[in-house]
Amino acid sequence: MIELTGVSKTYEKGSTVVRALDDVSLRIDRGSFVAIVGPSGSGKSTMMNIVGLLDRPDAGRYDLDGSDVGALSSDELAEARNERIGFVFQSFHLLANTTALENVELPLVYSNRPDISGLGLSALERVGLEDRAQHTPGELSGGQQQRVAIARALVNDPDLILADEPTGNLDGASGLEILGIFQELNRLGKTIVLITHDVEVAAMADRRVNIVDGRVVSDEITRGD
Amino acid sequence: MVRSAVGSMRRHKMRTFLMILGTLVGVTALTVVVAYGQGTQNAVLDNFNRMFGGSTIMLMAGGGGRMGGPHADGPATTLTLEDLAAIGAEIPEVIASDPIMMLGEFDVVYEGETKPIMITGHSESQEIVWDRGATSGSYFGHEDVERSARVAVVGERLVTEIFGGMDPVGESIRIANVPFEVIGVLDLMGIDPHGVDMDREIQVPVTTAMRRLSNVDYIFSAKLSVAASANLDDVVFRIADVLRPRHALGPQEPNDFQMITPVQVEGMIESGNRVFTLFLPLVAAISILAGGIVVANLMLMSVSERRAEIGLRKALGAKRRDISAQFLLESTAVTLFGGLLALGLAYVVLLAMGGVSTVARTMGETDNAEAAEVALGLPWEVALLGVAASLAVGLLAGVAPARRAAALDPVETLR
C-alpha cells in the first residue's frame, strides 16, 4: 500500500524553480490498478520517481506498506526497489547484445534471495516469451522487448509494478497486448501504477488520478469490480 | 557480476582492445626492462665472480686512481715481483699470487701474417689463482718464469684467427719481433669486466713480458689468492703493512698501491648498473602510468556512454558499491588480461634479445659479441611484478570512473 501525505518536490532549472509536485496526498491500496494521467511537465514523472523510491520528496511523507521510507538509507532504498518494486519504462531499457534471459535475470544479480535458479525463465514464461530466451533485444519486436522488460519487473515477484508510459513506443496492437498483461497481473494480485498522458491507455485502469502542475486535480474510479 | 563484466567487455570490443593495448605496452616495457636489467646484472656479477670471485684480492700499483686507470704522472713503477715474494713470505694466508703485466696490443706474426693481439704476462701461479689451465699442450711452469722463456699460451679464439683452426702447440710466432714457441691453448674464459675478450689474448711468462717485451722491472698488478678462512679486510691491512716499509713510505704519505676485494667490486657493479636498476624501470613506470591514464579515460568514456545502463541497474536494486565494484572489476579484468598478454610478449622479446651481447654493450666495446651472450628469461618474480602492475593499473585507473558511475542519479540517467 502506497500512502503519500503532503508530498512536495521542487527542482531548480537555472534560475527558475520548478514545483514538480505541490502538496500531493494520495493513497493507493494493495491490489489496485491506478493510472496517473497528466500532460508532459505535469509532475507525473516526478511522482513515479518518488513512488519508485528513485527520488526523495522535499517535504511530506511517503509510507510504503505502512512504514515511512524517508528514514531509509540509499542502500536500503536500493534493496526495497529490488524486492518490492518492478519497473517498466517507455523505452524498455534492455541491455543491448544481452539475451532476453540475462536481461530478465538482471535484478537477481542484486538480490539477496538464496535460490534464484529458474526464476528468469519462469518470468519469461509468464509473458509468453520462454522460446525467445536466447534472443537479444535487437532480434525482438518492440512489443516483445516490452514483454521482456515486464518479465524483468516480475522476476523478483514484487507487489508493486510501476510502468512509465509502457505503450509510448509501441503500435496500437502491441500496446493493447501489454496493457492486457498488466490487467492480468492485476487480476493475480499485483498493484499496478501506470503513468501515462494517453487517456485511452488510462481507461484500462480501475482508477484514474489526474495531475496538472504538480497537483492532483481529479481522482475517480473508472471501473468498478 | 563477473559474467556481466565479461559481457560488457564483449559488447565494447574496440574500447576493450584499446584498454588492453594501453596496459600491454606499459607492462611489457616494465617486465622486459626489469628482467633484462636483472639478467645483465647477474651476468656481470657472474663474470666478476669468475674473474675475482672467492677469496681474492686485486693488488694494483699506484695510489688514488681507480682500478689501474690512466695516471697523470705516468705508470706506477713501485710494485715488483719481490713485493709479491715478501707478501707470500710474511703472510701465510696468501696462498698464491699471480703478477700481471697487461701490455696491450703487440704485432703478432705467424707465417707472414701480422695481427695486433693483446699480450699479458703472468706467472705459473695463474693456473691456480685464475683457475685457468690449458686445453691443449700445457701452461708454462716455474722454470719458464725463472729464465724468461720465450713461450706463449694462446687464447681459444686465436686458434682459428691465427692458426686456421689447427692445433698451434709447437708452432712458432713472433711477438714484437721476438720469436716465441706456442706451448698451449688457454681454457675458455669470456669477456673480462673491462670488455676485453680474454679468449683473444696471448699469455707469456711475466718475466718475459717485463724484460723481453717492455724492458721494465716493475709489474702493473697482481691477483692474490687468500685462504678461505682468512678475513680479507685483515689481510688487506697486513699487505699494506708489508708494502709500506718496502716502498719507503713515510707515515703521512698515502699508499702507492691499492687493493680491491670482491665485496667492493660488487658494490661498484651495482652502482654502475643503475641505468638498469633505476633509470630504465623509471621509464617503464612512466609508460605504465601513461597506460593507466589511457585506461582511466576509456573507463570514464565507458561510464558516460552507459549512463542509462547504470541508472537502470540502480533502479533494479544495485547499490553504490555494486556499481563501483562492477566498474573496478571491468577495468581490472581488462588490465589483467592485458598484463598476461604483456608477459607473453615480454617473454618473446627477451628471447629475441638473448642473442644480443648485453655484457659487451654495458661494459665496453668489443667486436666479439657472441662471447658475451646472456641467458635472458622471464624470472617468476618479474612475471609476478608484471601481474601486480597490471592489477594496480586496473584498480587505480578504475577508481575515478567507478566513483563517478556509483554517484550517478538514476532519475537523471533514466530519462
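At what angle do the axes of helix H3 of chain B and helix H8 of chain B cross?

Reply: This is a predicted model, in which local features need pLDDT of at least 70, side-chain atom pairs count only at pLDDT 80 or more, and totals for chains, interfaces and linings use all residues. Residues are numbered from 1 along each chain as its sequence is written, while chains are lettered from A and ligands numbered from 1 in the order in which they are written.

The axes of H3(B), residues 81-90, and H8(B), residues 232-246, cross at roughly 135 degrees and come within 10 Å; helices (H or I, at least four residues) and strands (E, at least two) are DSSP runs, numbered from the N terminus, and axes are lines fitted to C-alpha atoms, for helices over the stretch in contact, with angles running from 0 to 180 degrees between N-to-C directions. That makes H3(B) oblique to H8(B), since angles under 35 degrees count as roughly parallel, over 145 as roughly antiparallel, 65 to 115 as roughly perpendicular and the rest as oblique.

On the side of H3(B), the contact is made by Asp83(B), Ala86(B), Ile87(B) and Glu90(B), and H8(B) contributes Ile239(B), Val242(B), Leu243(B) and Arg246(B), where two residues are in contact if their C-beta atoms, placed from the backbone, lie within 7 Å. The residues of this contact divide into 5 nonpolar, no polar and 3 charged (Ala, Val, Leu, Ile, Met, Phe, Trp, Tyr, Cys and Pro count as nonpolar, Asp, Glu, Lys and Arg as charged, and the others, Gly among them, as polar).

Among the contacts in chain B with a separation of 6 or more, 81% join residues 24 or more positions apart.

Chain B also meets chain A, with 21 residues of chain A in contact with 18 residues of chain B. On the side of chain A that touches chain B, helices H2 (74-84) and H3 (100-109) of chain A are the elements that give two or more residues, and H2(A) gives the most, with 6 residues.
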